[in-house]
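Please look over the sequence and the structure shown here before reading on.

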Amino acid sequence: MRLAVAGLPTDAFRFCGFLPRQRGKRQAALQALAAKGKLPGFHGRLGDLGAIDDQYDCAVTTACGALDHLVVDTVSQAKACVEFLKRGNIGRATFIILEK
């Protein structure tokens, strides 16, 4: 399938963030737990916490793999997230801990 813009294939636009990407089940599970109030201090995916100017979106998204890291307040909250992911066999995640 081709898009009208510059005749680039759909995959090129998806790679650069122009089309919605599916979130992983690990993030969705942690977000649901946080929404229930059972995971205080969980802020979500780093890439969702800020905004990137449209002209730089593709470059930043491509160069910065850390945008998929999950942000929490403390080490103990990160450990709780890891345990939750292990118990549910949901997957792995990398955390950015704000206290350290």
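The sections below go from the overall layout to the sheet, the helices, the core and some single residues.

## Basis of the report

This is a predicted model, in which local features need pLDDT of at least 70 and side-chain atom pairs count only at pLDDT 80 or more, whereas totals for chains, interfaces and linings use all residues. Residues are numbered from 1 along each chain as its sequence is written, and side-chain values use heavy atoms, with hydrogens and water left out.

## Overall layout

The protein contains 4 helices and 3 strands, where helices (H or I, at least four residues) and strands (E, at least two) are DSSP runs numbered from the N terminus. Read from the N terminus on, these elements follow the order α-α-β-α-β-α-β.

Of the 100 residues of the protein, 25% count as buried; here buried means under 20% relative accessible area, exposed means over 50%, and partly exposed is in between, with a 1.4 Å probe and protein chains only. Among the contacts with a separation of 6 or more, 57% are accounted for by residues 24 or more positions apart, a contact being heavy atoms within 4.5 Å.

The strands form an open sheet of 3 strands in the order 1-2-3, with mixed pairing, and two strands are taken to pair if DSSP finds at least two bridges between them. Strand 1 and strand 3 are the edge strands, each of them pairing on one side only. On average, and with direction ignored, neighbouring strands of this sheet are turned by 20° against each other; axes are lines fitted to C-alpha atoms, for helices over the stretch in contact, and angles run from 0 to 180 degrees between N-to-C directions.

Strand 1 and strand 2 run antiparallel and are joined by 3 bridges. Glycine 44 has valine 71, in strand 2, as its bridge partner.

## Helices across the sheet

Helix 2 lies across strand 1, strand 2 and strand 3, and it runs at about 155° to strand 1. Helix 4 also lies across strand 1, strand 2 and strand 3, running at about 160° to strand 3.

Helix 2 spans residues 25-35, and its buried residues are Gln27, Ala29, Leu30 and Leu33. Seen down the axis of helix 2, these buried residues fall within an arc of 160°, so they line one face of the helix; the arc is that of the directions from the helix axis to the C-beta atoms. The buried residues of helix 2 pack against strand 1 (42-45), strand 2 (70-72), helix 4 (75-87) and strand 3 (95-97). On the other side of helix 2, Lys25 and Ala35 are exposed, and just after the helix glycine 37 takes a positive phi of about 80°.

## The nonpolar core

A nonpolar core is a set of buried Ala, Val, Leu, Ile, Met, Phe, Trp, Tyr and Cys residues joined through side-chain atoms within 4.5 Å. The largest such core has 12 residues, namely Ala29, Leu30, Leu33, Leu39, Phe42, Leu70, Val72, Ala78, Cys81, Leu85, Ile90 and Phe95. Helix 2, strand 2 and helix 4 are the elements that give two or more residues to this core. If neighbours within four places in sequence are left aside, leucine 39 is in contact with Leu30, Leu33, Ala34 and Cys81.

## Residues in the loops

Glutamine 55 lies in the loop between strand 1 and helix 3, as does tyrosine 56, with helix 3 covering residues 57-63. Glutamine 55 counts as exposed at 60% relative accessibility, while tyrosine 56 is partly exposed, with a relative accessible area of 48%. Their side chains are joined by a polar contact of 2.7 Å, a polar contact being a pair of N or O atoms within 3.5 Å of which, within protein, one must be able to donate a hydrogen and the other to accept it, and for which residues adjacent in sequence count only if both atoms are side-chain atoms.

Threonine 74 is found in the loop between strand 2 and helix 4. Its side chain is joined to that of serine 76 by a polar contact of 3.1 Å, and, not counting residues up to four places away in sequence, threonine 74 touches Ile97 and Glu99. Asparagine 89 lies in the loop between helix 4 and strand 3, where it is exposed, with a relative accessible area of 67%. Most residues other than glycine have a negative phi; asparagine 89 has a positive phi of about 50° although it is not a glycine.
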